[in-house]
Amino acid sequence: MAEEAKRLAACAAVDKHVQNNQVLGIGSGSTIVHAVHRLAERVKQENLSIVCIPTSFQARQLILQNGLTLSDLDRHPELDVAIDGADEVDSDLNLIKGGGGCLTQEKIVAGYAKCFIVIADYRKKSENLGEQWKKGIPIEVIPMAYVPVTRALTKNFGGAAELRMAVSKAGPVVTDNGNFILDWKFDKVHEWSEVNTAIKMIPGVVETGLFIDMAEVVYFGMEDGSVSVREKQPR
């Protein structure tokens, strides 16, 4: 059921926001697989000219495997649209991302897109961050700094931070950038914009999995086969 919900959200977003002659950011994770499949269908059926910028090794492979045009930020430093998944979305469209370890490149690509679109299934829809996603906020860190960053996180913001360990290799998860990931399990709802900025000021932190005030619209595939849309509200 969740897989079909992912597919519905992905197709709705691609059909609504992708047009001919666009530069498109391709996110990472399980939901984005459905978006790339739908994108490839439309490119073939409608003879669209689309250039794709990946956010990870996985995204790069998806682009190539589906016969889409691969490029990079050197050649296309401004994107029309970026489409990506999320681990959780709150009522203000704040996101937790990085469950798959690709948060830094995902945030770079989303940040240079004119429009950032998020696709997710019903399990990712929350009023407040932490309601559904219990694995914490991913924080990418320089390897030599993971111990002092861990201490700084818990001292300044409470909760607990753990080094993410790999499943199929000995030792920690290593990102596409050669860094480690800490998962910070917070124990209360914070003012996320302030916390995000403060965490990024800790020496050794590369990026956080908090995506604040970035998403324009979120498409949720629901259990009943519908697609629920949450749009950014004017401030």
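User: Which residues do ring pairs link into a cluster?

Analyst: Ring pairs join Phe-157, Trp-184, Phe-186 and Trp-192. Rings of Phe, Tyr and Trp (its six-membered ring) pair if their centres lie within 6.5 Å. Please keep in mind that this is a predicted model, where local features need pLDDT of at least 70 and side-chain atom pairs count only at pLDDT 80 or more, while totals for chains, interfaces and linings use all residues. Residues are numbered from 1 along each chain as its sequence is written, and side-chain values use heavy atoms, with hydrogens and water left out.

User: Why is the aromatic pair of Phe-116 and Phe-211 called tilted?

Analyst: Planes under 30 degrees apart count as stacked, over 60 as edge-to-face and the rest as tilted. Here the angle between the planes is 35 degrees, and the centres are 6.3 Å apart, so the pair falls in the tilted class.

User: What makes this pair tie together parts that are 95 residues apart in sequence?

Analyst: Phe-116 lies in strand E7 (residues 113-121) and Phe-211 in strand E12. Helices (H or I, at least four residues) and strands (E, at least two) are DSSP runs, numbered from the N terminus.

User: How do you know that the charged end of Lys-107 sits over the ring of Phe-211?

Analyst: The rule asks for NZ of Lys or CZ of Arg within 6 Å of the ring centre and within 35 degrees of the ring normal. The charged end of Lys-107 is 5.0 Å from the centre of the Phe-211 ring. Lys-97 sits over that ring too, at 5.5 Å.

User: Why do Glu-127 and Arg-230 count as a salt bridge?

Analyst: A salt bridge needs a side-chain nitrogen of Lys or Arg within 4 Å of a carboxyl oxygen of Asp or Glu. For Glu-127 and Arg-230 the N to O distance is 3.5 Å, so the pair qualifies. Glu-127 is in the loop between E7 and E8, and Arg-230 in strand E14 (residues 227-231), 103 residues away.
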